[in-house]
Amino acid sequence: MCCFYFIIGTCWASFLTASAWRLLYQPHTFFAARSYCENCQHVLAFYELIPMISFLWQGGKCRHCRQRLTPLFLIGECLGGVAGLLIYRLPLVQQPLAGILSACLFFCAAMDCFENCLMPLWLLPFGAAAFCCAAHLYWLSAGAVTVLLYGLHCWHNGLGLGDVELILLLALFLTPSQIWFLLFAACCFALLGFLFLKTKQQQPFVPYLLLGYLITLIYF
Ligand SMILES: [Zn+2]
């Protein structure tokens, strides 16, 4: 059964990453076109769309034009599999909410990695779905987290408003100890990223929130 959750996790992560890419760069083909290579426009066969396996089998390149593919898809699919395994460990009643919050984070992390942007509109469907599954909303801790992070946003522009809105959504559905632990873990990952990636560009923060959420799923 855990293999099933792993495979579903990789498929969902692959779908959400591809959806984020299409919404950003090819919104008119979102519902219409099949997946294709961005470089040679070759329509991909089903065996070129298998999460993780296709990327590894093709050596990280398009099979037709040998253009190198972004490793973001592979990383996302691996993490999706891990998220699936962690959700499998949860009691059945908690799994839908954890799945929706994970999906929201995967989608927003992909958006943030591709274009360093996050729009509130994209959070609405995930927020509505999570609202339907949640047994309890944590208004007080969500308010406290939002005031703190909005103050941080105004004081230093490093934290985007989109990040604050996403964290507000998470804080509404996670217990106070979970959200503070998640933020702490995300900041630790961001610090490691800052030390090891050594890039001068502003780094997206949502991928670190995603990692923080996965660590939270392990400990809570
Ligand atoms: Zn190609």
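Author: Domain bounds here come from an automatic or database domain assignment. That assignment gives domain 1 (1-89) and domain 2 (120-219). This is a predicted model, in which local features need pLDDT of at least 70, side-chain atom pairs count only at pLDDT 80 or more, and totals for chains, interfaces and linings use all residues. Residues are numbered from 1 along each chain as its sequence is written.

Reader: What separates the centres of domain 1 and domain 2?

Author: The centres, taken over C-alpha atoms, are 25 Å apart.

Reader: And how many residues of domain 1 are in contact with domain 2?

Author: Four residues of domain 1 contact four residues of domain 2, a contact being two C-beta atoms, placed from the backbone, within 7 Å. On the side of domain 1 that touches domain 2, four residues are nonpolar, with no polar and no charged ones. Ala, Val, Leu, Ile, Met, Phe, Trp, Tyr, Cys and Pro count as nonpolar, Asp, Glu, Lys and Arg as charged, and the others, Gly among them, as polar.

Reader: Changing topic, is His28 buried or exposed?

Author: His28 counts as exposed because it has 8 C-beta neighbours inside 10 Å; the cut-offs for other C-beta atoms within 10 Å are 20 or more for buried, 12 or fewer for exposed, and partly exposed in between, with C-beta atoms placed from the backbone.

Reader: How far is His28 from Cys154?

Author: Their C-alpha atoms are separated by 35 Å, and the two residues lie 126 residues apart along the chain.
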